[in-house]
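Below is a brisk report on one protein model. Keep the coordinates open while reading.

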Amino acid sequence: MSDGLFTDSDRRPLADRLRPQAVDEVIGLEHLLAAARPLTRLLEGGPLHSMILWGPPGCGKTTLAELLIARAQARRFALSAVTSGVREVRAVIDEAQSLRAAGDPRVSVLFVDEVHHFNKSQQDAFLPHVEGGLFVFIGATTENPSFEINGALLSRLSVYSLNPLDENALGKIARRAAAALEIKISDDAVCELSALADGDARRVLNILECAAAGNDGVIDNKAVLHATGTKQRRFDKGGDNFYDQISALQKSVRGSDPDAALYWFCRMLDGGCDGRYLGRRLIRMASEDVGLADPSALGKALAGDDTYRRLGSPEGELALAQVAVYLACVPKSNALYGAYKAAMKQVKNDGSREVPRRLRNAPTKLMKEQGNAEGYRYAHDEPDAYAAGEHYFPDDMSPQQFYQPTERGFEAKIAARLRQLRARDDKK
């Protein structure tokens, strides 16, 4: 091939063969490699430091790490946390210590791919050697380091966030790969390929490599679609992308945008999210974000969840979609949620106050002789079934007002009734 990248015996994937060998070949990391940025200074000869490269698949984490190591002319050690364990980590540490003892002046760099797969104890093994300067640690992860990296280790690392590549960057990568393969690719195919890749450069190259196999003409839309099958969106059932999307769904419901709520709901289903999980979250939203502004919302959410569990997928998905749209459209109130949190905080920070005798249960003669329930005012025997002026908190605790109803939806009627009842209390 034209630039010596390929030979008949080279079986490496195209993504590996086309990995950038110099900074000016990198596409899509401008936010990290612009002038005067920290990583740019490292690539210009600054001292290498320990770091985490955090971003989705195919955004350039490994490429960036390899460029940094090469520029530092360092001894390179590499592990994959998916396939390595304590023995492999120990072997790297022993070799780095031996080289240091032998007087090798070069910096040692340990690159750990998918570092989040190491548990906290395994990560602890790196800590003293990063602290003591035995090696520079570079970890690559698709997961949020705040959750997946040991806090003590993380405090000694810089974290650089890499973004999914946009369609413009993916298009450039596709054209570069086509030129390296000495094939032609249509503009429409480039656009289709960039859209299908969903931010992942590796996926662009894998699809293009499949489309190019046995194709001596121009790669067009049809060839790209034949090579890829169905489009795949980024979705990790246990990772940040998962929780970011459920957060977007709840915020759309809370913000009364049914169209956005439906979009994120469908994104999660399309990505493989279990409908039972979505049902549980919609039930929570009915209480947290709608509350007593529409008391029927909780029942509708429960009904939607029950319908899904009876019908399964895909038939039951429409019932959950109905709930998501309904919750987005009705009046909102978090007064109940706020009241619950305030009451729980009071309970956790307070002592175990005694239940007043008049409010205690008295099912036996002995309990009645002790004074339980004595003086209790049965509300149904009072005017309008309300014992005005009665005190239901512990006797040594002043009344609290945790619940502050809004003037939205049904809750406005609740607020009006509570004002009326409190006015009657004030007259006692």
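Which residues of strand 2 (residues 75-80) lie on its covered face, and which on its uncovered one? The model is a predicted one. Arg75, Phe77 and Leu79 make up the covered face of strand 2. Arg76, Ala78 and Ser80 make up the uncovered face. In a regular strand, side chains alternate between the two faces of the sheet.

**Strands 2 and 3**

Strand 2 runs parallel to strand 3 (residues 108-113), and 6 bridges join them. Within this pairing, Phe77 faces Leu110 of strand 3.

Helix 5 covers residues 86-101 and contains Arg87. Is Arg87 buried or exposed? Arg87 counts as exposed because its relative accessibility is 68%, and the cut-off for exposed is over 50%. From Arg87 to Ser98 the C-alpha distance is 16 Å, for a separation of 11 residues in sequence.

**Nonpolar cores**

The largest nonpolar core has 30 residues. Ile185, Leu193, Leu208 and Ile219 touch the most other members. Five helices each supply at least two residues: helix 1 (14-17), helix 10 (167-181), helix 11 (187-197), helix 12 (201-212) and helix 13 (221-228). Helix 10 gives the most, with 8 residues. In soluble globular proteins, nonpolar side chains tend to be buried together.

What does Ile185 touch, leaving out residues up to four places away in sequence? Its contacts are Arg175, Ala178, Val190, Leu193, Leu208, Val218 and Ile219. A second core is separate and holds 25 residues, including Leu282, Ala301, Leu320 and Ala321.

**Aromatic rings**

The whole structure contains 4 aromatic pairs. Two of them are tabulated here.

| Pair | Geometry | Centre to centre | Angle between planes |
|---|---|---|---|
| Phe126 and Phe137 | tilted | 5.0 Å | 50° |
| Tyr263 and Trp264 | edge-to-face | 4.9 Å | 75° |

Why does the pair of Phe126 and Phe137 tie together parts that are 11 residues apart in sequence? Phe126 lies in the loop between helix 6 (120-124) and helix 7 (127-131), while Phe137 lies in strand 4 (residues 136-141), so the pair links these parts. Both Phe126 and Phe137 are buried. Phe118, Phe126 and Phe137 form one aromatic cluster.

Tyr263 counts as partly exposed, at 44% relative accessibility. Trp264 is partly exposed, with a relative accessible area of 23%. Elsewhere, Lys300 lies over the face of Tyr326, at 5.2 Å from the ring centre.

**Backbone exceptions**

Most residues other than glycine have a negative phi, and most peptide bonds are trans. Which peptide bond is cis, with omega near 5°? The bond from Ser313 to Pro314 is. Pro314 sits in the loop between helix 17 (296-311) and helix 18 (317-329).

Glu182 has a positive phi, near 60°, and is not a glycine. Glu182 is in the loop between helix 10 and strand 6 (184-185). Ser256, also not a glycine, has a positive phi of about 60°. The loop between helix 14 (240-254) and helix 15 (258-270) holds Ser256. Its relative accessibility is 37%, so Ser256 counts as partly exposed.

Note on methods
Residues numbered from 1 in each chain as written. Predicted model: local features only at pLDDT ≥ 70, side-chain atom pairs only at ≥ 80, totals over all residues. Heavy atoms only, no water. Core = buried A, V, L, I, M, F, W, Y, C linked by side-chain atoms within 4.5 Å. Buried < 20%, exposed > 50% of the residue type's maximum accessible area, 1.4 Å probe, protein only. Helix = DSSP H or I, 4+ residues; strand = E, 2+ residues; numbered from the N terminus. Contact = heavy atoms within 4.5 Å. Pairing = 2+ DSSP bridges. Phe/Tyr/Trp six-rings, centres within 6.5 Å; stacked < 30°, edge-to-face > 60°. Lys NZ or Arg CZ within 6 Å of the ring centre and 35° of its normal.
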